[in-house]
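Colleague: I would like to take a close look at one part of this model with you. Could you walk me through it slowly?

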Amino acid sequence: MSDSAALEAAMALAVEQAQRVKGSTYPNPPVGAVVLDRDGRVVGVGGTGPVGEAHAEVVALRRAGELSDGGTAVITLEPCNHHGRTPPCVDALLDAGVAQVIYAVDDPNPAAAGGAARLAEAGVQVLSGVQADKVTAGPLREWLHKQRTGRPHVTWKYATSIDGRSAAADGSSQWITSEAARADLHRRRAAADAIVVGTGTVLVDDPTLTARLPDGSLAARQPLRVVVGEREISADARVLNDDSRTMVIRTHDPAEVLRALSDRTDVLLEGGPTLAGAFLRAGAIDRILAYVAPILLGGPVTAVDDVGVPNIARALRWRYDTLEQIGPDLLLSLVPH
């Protein structure tokens, strides 16, 4: 059996693999797996493929080959025990002869759960909960939310100056944050299922809402672009170009927007202040990502309009999830208090 240090390192590698495939596995969860041989050496690494392709465990086992016999599989999610588009991962683990399975998070889907129990019944040593916090707050955050609530996970993303302004007094906003912060956003866009903006943002900024690589080219995977509001937008708007698919929803109601996106898991809300205020008032935002630049702008243009707070006692309270420096900027991640 592998020692605790090797298992911790293997789970960290599995989390990294899950992050790499995030966005490409929909509607399956982004899962990472690592196989260690009898001596605790990494012999196979994998992430879940696009729907219909092999899950993470199978990918890692194939790469490990015969070295998986008597070894350890380290996985971010409990191995599935049902036959969907692919056979149960439990079968692959048993066929490979692994002696130990370590995983982070129990599968909340009743149809797929039970893998740990079946492995244990077959004589495999099973340990759960390893680095569970890192996995639930990382690659599986949005998928677990969807399993728990039945609705997409919504992240409100915005960029602001240190004094809370999203544009200068003349309306100009390119660029508040650094190139490093923008690259981070594009990475997150490429992993998201949809990006939502209001018609006002389209009319003022004419964004493309695409995910781009550092060299400016389009990322291989593009999220669905969603424009919300009752105003007409130009047929020449860049959000309607051929870079990705676009959905226009003629409503101001966040509940209607979420119903239209009910088959999605990871949704980015990017603007503008009116739409963000509506989602906050409706309690429809699950996470805030605020890119804060060390500049002062002043003026009237703020990141969000009315959020329905009449006094300080009724403030919408959030707690810091993570704090990260990206180039000269700060990225604040917050979740409801």
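Colleague: Let's look at Asp-91: is this residue buried, partly exposed or exposed, and what is its relative accessible area?

Modeller: Happy to! Keep in mind that this is a predicted model. Asp-91 has a relative accessible area of 25%. Buried means under 20% and exposed means over 50%, with partly exposed in between, so Asp-91 counts as partly exposed. Now look at its partner. Asp-91 forms a salt bridge with Arg-118, and their closest N and O atoms are 2.7 Å apart. Asp-91 sits in helix H3 (residues 89-96) while Arg-118 belongs to helix H4 (residues 115-121), so the pair ties together parts that are 27 residues apart in sequence. Arg-118 is partly exposed too, with a relative accessible area of 30%. As for the general idea, side chains of opposite charge can pair when their charged atoms come close.

Another salt bridge brings together the side chains of Lys-157 and Glu-270, at 3.9 Å from N to O. Lys-157 lies in strand S6 and Glu-270 in strand S10 (residues 266-271), so this pair ties together parts that are 113 residues apart in sequence. Both Lys-157 and Glu-270 are buried.

Definitions and conventions
Residues numbered from 1 in each chain as written. Predicted model: local features only at pLDDT ≥ 70, side-chain atom pairs only at ≥ 80, totals over all residues. Heavy atoms only, no water. Salt bridge = Lys/Arg side-chain N within 4 Å of Asp/Glu carboxyl O. Helix = DSSP H or I, 4+ residues; strand = E, 2+ residues; numbered from the N terminus. Buried < 20%, exposed > 50% of the residue type's maximum accessible area, 1.4 Å probe, protein only.
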